[in-house]
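Here is a set of questions and answers about one protein model. Look at the sequence and the structure, then read on.

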Amino acid sequence: MKKVVVLGAGYAGLQTVHKLQKKVKGKAEIILVDKDDYHYETTELHEVASGTQPALKITYPIADIIDPAVTKFIQDEVVKLDATKKQVQLKQHGMLDYDYCVLALGFVSETFGIKGAKENALEMTNIKQSLAIYDHILASMKKYKETKDKRYLQLVVCGAGFTGIELAGALAEGRPEYAKVAGVAPSEVKITVVEAATRLLPMFSEKLADYGVKLVESLDVELLCGAKISEVAPGEVVYEKDDQTNSLKAETIIWTTGVSGSPVVGESNLQERRGRVVVTDNLTDPNFDDLYILGDVAAVMDKESGRPYPTTAQIATEMAVYAAKDLESQINGNGHLSTPFVYKSKGTVASVGNTHGFGVIGKLEIKGYPASMMKKMIMNKSLFEIGGFKEFIAKGRFDLYH
Ligand code: FAD
């Protein structure tokens with residue numbers, strides 16, 4: 001019996017287990033490790049952070065997916081791995097040996113060394129953090145009612161990338177609820193996005209990005225572009241714009257300027273940059289043939305552009321499908337697949353609140369309500385593919401028409 005250890009039950013890890021366990025019964029045992037006993041749809045974290053969706057809607061138990069005849073789940077935190085000794089160190093459960101390992105521990109927030117960002121801004125990289133943001137917003141609104149200090153009504157999103165824009169849209173949707181708690185008119189709750197770049201959303205054409213920006217602004221969100229954050233102090237974002245230092249006072253400051261791969265990658269002494277390893281054509285580590293690196297901890301090179309593909313749930317899921325097939329081939333004694341992993345993006349859609357969005361499907365640019373519908377259908381597909389019919393029915397988004 002071969003032993004396959006899968007680290008992380010996100011898109012990449014859970015899809016690998018889901019596909020592999022059907023193929024290797026009696027030939028391999030799979031051990032899946034995650035610090036939580038549930039899977040969460042990372043692509044919808046902004047909706048939990050804004051309170052526009054409950055956490056339960058975007059999570060489901062890992063136990064629902066695993067086949068206990070093949071797969072054992074361990075709830076624990078991965079500390080590091082030793083790829084030479086083929087061992088994984090867990091915080092509570094000690095060492096785990098493996099024949100094959102799948103490293104799929106996802107991303108963490110990247111602060112680019114900006115002073116005070118780590119200490120004074122709220123991160124949104126998992127369910128617990130997203131729930132903490134929502135609690136923080138409501139607590140701030142209550143504080144406003146007591147103090148009448150306008151800082152409590154100001155929400156600041158740092159970074160207008162894909163995640164920042166989706167979050168700003170969701171916060172605008174949550175604004176009537178926040179205003180009710182504060183006892184003010186919705187227009188008094190201010191949402192500001194601070195961004196260093198002047199050309200936003202470079203993954204889209206200029207025209208489509210412009211549409212996205214105007215859509216967000218039409219929801220009474222202030223977009224401060226060309227504003228380079230130099231420091232986050234308690235209750236204050238300091239930024240440079242037009243050669244001047246400015247400051248924005250806010251009780252709620254949310255950090256979405258970018259992500260890097262899990263710090264476990266660096267702790268494990270793998271050849272990495274910002275927590276990512278440039279993987280081989282078979283999605284393994286360049287130095288360790290039995291170690292697969294999938295999802296946000298991997299850099300898959302786009303041979304046309306010479307740059308890595310952006311890390312997304314879409315590529316993470318496709319990598320997992322390939323890795324499960326490659327692992328099956330290895331377990332059957334046939335070595336790696338002879339065909340390399342090839343990726344072709346199907347497109348990207350950003351949601352702006354529950355009923356609007358914009359993006360690209362294939363070569364087609366879509367906007368407004370059809371884009372929002374498409375986004376929900378993409379989320380439903382992901383739920384169905386990993387969670388199966390049960391999770392699709394329980395957690396799917398069927399509010400497609402507005
Ligand atoms: P994850 O899905 O993050 O899973 C990592 C898993 O590892 C988690 O279950 C975590 O609990 C576990 N874990 C982490 N560290 C440890 C540890 N030390 N020990 C044990 N367990 C650990 N992508 C798209 O394709 N389309 C979108 O529309 C889109 N929208 C997004 C919106 C938001 C708000 C965000 C934040 C991201 C979005 N993305 C989108 C990006 C996408 O979510 C990520 O690329 C994707 O989640 C990466 O999948 P993964 O499997 O590598 O990691």
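Q: Which residues does Gln15 touch, not counting residues up to four places away in sequence?
A: Gln15 touches Gly10, Thr317, Ala320, Val321, Glu385 and Ile386. Contact means heavy atoms within 4.5 Å. This is a predicted model, in which local features need pLDDT of at least 70, side-chain atom pairs count only at pLDDT 80 or more, and totals for chains, interfaces and linings use all residues. Residues are numbered from 1 along each chain as its sequence is written, and side-chain values use heavy atoms, with hydrogens and water left out.

Q: Why is Gln15 called buried?
A: Its relative accessibility is 1%. Buried means under 20% relative accessible area, exposed means over 50%, and partly exposed is in between, with a 1.4 Å probe and protein chains only. The 1% of Gln15 is therefore a buried value. Gln15 lies in helix α1.

Q: What makes a stretch count as a helix or a strand?
A: Both are DSSP runs, numbered from the N terminus. A helix is H or I, with at least four residues. A strand is E, with at least two. On that basis the protein chain has nine helices and 27 strands.

Q: Why does Glu166 count as buried?
A: Glu166 has 4% relative accessibility, so it counts as buried. Glu166 is found in helix α5. Leaving out residues up to four places away in sequence, Glu166 touches Thr43, His46, Val349, Ala350, Ser351 and Lys375.

Q: Which residues come nearest to the ligand?
A: There are 33 residues around the ligand, and Ala12, Asp34, Val78, Asp296 and Lys375 come nearest. A residue is near a molecule or strand if one of its heavy atoms lies within 4 Å of it. Helices α1 (11–20), α5 (162–182) and α8 (313–331) each supply at least two residues of this shell.

Q: What makes an atom pair a polar contact?
A: A polar contact is a pair of N or O atoms within 3.5 Å. Within protein, one must be able to donate a hydrogen and the other to accept it, and residues adjacent in sequence count only if both atoms are side-chain atoms. A polar side-chain atom of Asp34 lies 2.7 Å from an oxygen atom of the ligand. A polar backbone atom of Ala12 is 2.9 Å from an oxygen atom of the ligand. A polar backbone atom of Val78 is 2.8 Å from a nitrogen atom of the ligand. On its own, the ligand has 1,000 Å² of accessible area, and the protein covers 91% of that. Accessible areas come from the Shrake-Rupley method with a 1.4 Å probe; for residues, only the protein chains shown count as cover.

Q: How do the residues of the shell around the ligand divide?
A: They divide into 14 nonpolar, 11 polar and eight charged. Ala, Val, Leu, Ile, Met, Phe, Trp, Tyr, Cys and Pro count as nonpolar, Asp, Glu, Lys and Arg as charged, and the others, Gly among them, as polar.

Q: Why is Lys86 called partly exposed?
A: Lys86 has a relative accessible area of 25%, so it is partly exposed. Its place is in the loop between β6 (78–82) and β7 (87–90). Lys86 has a positive phi of about 55°, although it is not a glycine.

Q: Is Leu201 buried or exposed?
A: Leu201 counts as buried, because its relative accessibility is 2%. Leu201 is found in the loop between β13 (190–194) and α6 (206–217). Its phi is near 50°, a positive value in a residue other than glycine.

Q: Why does Val70 count as buried?
A: Val70 is at 6% relative accessibility, so it counts as buried. Val70 sits in the loop between β4 (59–61) and β5 (71–75). Among the residues it touches, not counting those up to four places away in sequence, are Gln21, Val24 and Ile30.

Q: How does the radius of gyration of the protein chain agree with a compact globule?
A: With 402 residues, a compact globule would have a radius near 21 Å, and the protein chain has 22 Å, which agrees. The radius is taken over C-alpha atoms, and the globule rule is 2.2 Å times the number of residues to the power 0.38. Buried residues make up 52% of the 402 residues.
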